[in-house]
Amino acid sequence: MLTKEQAGDVFDRIRKLSSADEVEVLFSGGRFALTRFANNTIHQNVAEENHVVSVRTVFGGRTARATTNKFDDESLQQVVRSSESLARVQHADPDLLPVPDARFAGGADEASAPTQARYFDATAAISPQSRADGVKKIVDVADRHKLTAAGVFSSGEYFEGIFNSRGLRRWHTQTSAEVSITMLAADSSGWQKANSPDVANLDPLRLAETAAQKAVETAHPREVPAGKHTVILEPAAVLDIVGFMFWDYSGMAILDQRSFLTGRIGSRLFGENVTIVDDVAHPLQAGSPFDGEGVLRKKVGLVENGVVKQVVYARSTAERMKRSEYKDSVGPIGATGHGFPLPNEMGEMPLNIVFAPAGDPQTIEQMIASTERGILVTRLWYIREVEPFEKVLTGMTRDGTFLVENGRLQGGVRNFRFNESLIHMLSNIEAMSVPVRACGEESFDMVVPAMKVKEFNFTEVTKF
Amino acid sequence: MKHVANWTLNAAASQGATYADVRVIAQRSRALSTKNGKVGSASDSESVGMNVRVIVDGAWGFAASAELGRGAVEATAARAVEIAKASARVKKENVRLAPEKPAIAEWSTPYTIDPFTISVEQNIELLLRIDAELRSVAGITLAETNLNFSREEQWFASSEGADIHQTKLSTGAGYAAYAFAGSEIQKRSYPNSFGGQWQNKGYELIEELKLVENARRIAEEAVALHKADQCPEGKFDIILDSSQLGLQIHESVGHPIELDRVLGMEANFAGTSFLTLDKLRTLRYGSDLVNVVADARQEHGPGLGTFGFDDEGVAAQCTPIITNGLFTGYLSSRETAHTIGETRSGGTMRAEGWNRLPMIRMTNISLLPGERPLSLEQLIAATDHGILMHTNRSWSIDDKRYNFQFGCEIGWEIKNGKRVRMVKNPSYSGITTEFWNSLDVICSRDDWTLWGTPNCGKGQPQQVMGTGHGAAPARFRGIKVGSAFKGN
């Protein structure tokens, strides 16, 4: 992998090639491998290595970006030329700020960010053979239960860096391993997924057994009519659905009047048991401690006891907000270290979501035991926004949907379509588990609890 | 690039590969956008690299590298072989490839104007003119525009002797106007939502789209939606415009016919399919009027699924998918063709770039137009009571592709052959085969458009691919409308 020192040399070469007022260079890439299995067979098995350099130049308030994955002199010359020629023909942007120096970006270097170590040699060293061995164990579980397994076992090491002409130099390295398993029976299925920077935190066998158990126990699903049901959402299902609101926790989204929080910051929007922070340093979180301009990410309290307290900001969005009509109604305003690389239209977004633990956490088993009639949901699928201001979302249940009656699981049910307002859902939480690191397919990884929610709005039932 | 291919194939063969193919790819793209009178993004990017796919001990391996020097590509080939040997430890049977006569060919997207020759100043001026038109309408709170161009040059070679050089060009453009008022956000897009219209052609597409000419109307519609009535709930006859119908085809025909899904290869992520193998040539997918093809050939049009050869070196083909309502074909590959009794791949394998594995992707999955001359206005005139819906706003379908729900940006209630009122938040839902069997009229060729979907996601690691969908407006009888808003 590219090292910080090598990247520094590349940056120095680029700096010399550029005549721009300011230069900012992003580095990203790494090594990634993924072993994919289906029908109890490894059917796809891939590996790649790539390094990308992305150059932003600035001429008197005009800026643009060009990107390449070639590091030879001619390619670097070309990428600088492309960035400069694009930048020169832009209109000057009065909101564009000078690139930040370390002092204004939250600290001298990334070492001042309070993140945990996220690079693990054991994860980086995972070989194709060891991934195949892991898959073999998963397939053995499937064979034992007379099921068919599909899924992935992936691993990789990555870097992100940012260097600018005011002397800012940030670098972050990380590893990641992930296991996702679907167990298929004739008319049912079960699913589990987990990831971590440290492969030691993954337990493929336990995931396989749980997915298999779900497939077996939901066999021959019956049809339960759609309607408003009490649901118990496992953490992956919570993650998938709540992830759709965090694009709106952005100063730019408020300024653009595309956020459902417009006019609602400071008011109680959700139940008092909902408290959410964005915290890159949380021990169950992952990712780099700086944003697309190199500003260190701050811990931000987004929701406190159901009241939306503030949103996140890139540097220029914060300055615009301070001059806007909303400045007195959006809570604290200031760069929080959540900006995307410039130039962009979206501004910023919180990406390290952590739900606070409930005062009286319950296990999923306790939630089931206290439910007279409801639906246990393992996973949600194909979620899309139907109505943006009440945050009505639609989607399907998938891979392990159970009927709960009289405090016990009563077998599988056919999958439902939901059309549910996130505001309504987060106002109707009756119980939560201890938050865990969860991952799904509809949203980014976060630290969320399982939730028991009343009056969840299922509108249709599908055929399986 | 021939030398890179030779180094790779020789290295793979010397280490035990019984089959190998190599793709060397150079991609270039430009993305320009504006938001509320300012340039939102301006970026150029290029990505160059190679990959090698091998079969060793009857199992697949794949490795990719951005380095094209001899040592790097030989090491990449060795890595692919090592990976294939690991794959062979968990297999039930050996990979079987349908035979394919190795092609030696050159192919490129036909175009009139290379979009990369149009100055950035000219493009930004166009986008800002559209932006100004949109925001000249009182009530518009957010205007967004975009232009996108890409070129991909690929050299494909295989251990069987294929040697194909292919260059694909694509162009996309569109815009959206948002109106926020009270507690409601309404939106209109042109010529389609989610980035507009995309085709495999040059800058001539931009000139054909009449972007500036339609901007004021689109903005006025976004504002007018605030005063429109909520779309009624119940069972209605509905007419879908061609862009919404294009997405309906994508989700409820294009995905379920992917043979890898049918065979369970996508079960962990994208899902499976209700179209099990027993349904081929037995399932009545739609009414007699429904004829759908998967056509990657240039003569079908400049769709995002148009090419000369797929990424296994198989020439573009046209496969009948639904013939007079009967389900007649899948999208297949060299590895899967035998499972449906075919002796040749349908030629649908494509990869997002040099670092991704080819897999079965939609080409141009198109509903053929009605044979009897019929325009949209004539179809409206022939409808007693129904809802006309335009331009997708939300889309969702289950993981076997049965139950779907779509929302559109704008609708009109039709009574006695006339549009009587605009309605907001129109949506409809149903079960795939019941829906296609309810189709009773399709407009004719003059109203048929080959739409581009630039953002189809599939695979692990996920790949984004462009697909094409030709459609003319059509009417469906007795469809459930409005359940998206039921209970909220």
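Trainee: How far apart do the C-alpha centres of domain 1 of chain A and domain 2 of chain A lie? Please look closely at the contact between them and at what surrounds it.

Mentor: The C-alpha centres of the two domains lie 29 Å apart. Before the details, some conventions. Residues are numbered from 1 along each chain as its sequence is written, and chains are lettered from A and ligands numbered from 1 in the order in which they are written. This is a predicted model, in which local features need pLDDT of at least 70 and side-chain atom pairs count only at pLDDT 80 or more, while totals for chains, interfaces and linings use all residues.

Domain 1 of chain A covers 4-137 + 154-178, and domain 2 of chain A covers 221-464; such bounds come from an automatic or database domain assignment. In the contact, 26 residues of domain 1 meet 19 residues of domain 2, where contact requires C-beta atoms, placed from the backbone, within 7 Å. On the domain 1 side, strand 3 (62-68), strand 4 and strand 5 of chain A are the elements that give two or more residues. Helices (H or I, at least four residues) and strands (E, at least two) are DSSP runs, numbered from the N terminus. By class, the domain 1 side holds ten nonpolar, nine polar and seven charged residues. Here Ala, Val, Leu, Ile, Met, Phe, Trp, Tyr, Cys and Pro count as nonpolar, Asp, Glu, Lys and Arg as charged, and the others, Gly among them, as polar.

A residue is buried if 20 or more other C-beta atoms lie within 10 Å of its own, exposed if 12 or fewer, and partly exposed in between, with C-beta atoms placed from the backbone. Strand 4 of chain A runs antiparallel to strand 1 (residues 22-38) of chain A, joined by 14 bridges; pairing requires at least two bridges found by DSSP. In that pairing A:Gly30 stands opposite A:Tyr158. Strand 4 also pairs with strand 5 (residues 169-184) of chain A, antiparallel again, over 16 bridges, and there A:Phe153 stands opposite A:Val179. The hairpin of strands 4 and 5 of chain A has four residues between the strands, and A:Gly167 takes a positive phi near 95 degrees in it.

Chain A also meets chain B. That contact takes 76 residues from chain A and 70 residues from chain B. Strand 2 (residues 41-59) of chain A gives the most to the chain A side, with eleven residues. The chain A side divides into 26 nonpolar, 29 polar and 21 charged residues. Strand 2 of chain A pairs in the parallel sense with strand 3 (residues 59-65) of chain B over four bridges, and A:Ala47 stands opposite B:Ala63.

Helix 2 (residues 70-87) of chain B belongs in this picture too. Its buried residues, including B:Ala80 and B:Ala84, pack against strand 2 and helix 4 (128-144) of chain A together with helix 1 (2-14), strand 2 (38-56) and strand 3 of chain B.

How values were computed. Two residues are in contact if their C-beta atoms, placed from the backbone, lie within 7 Å.
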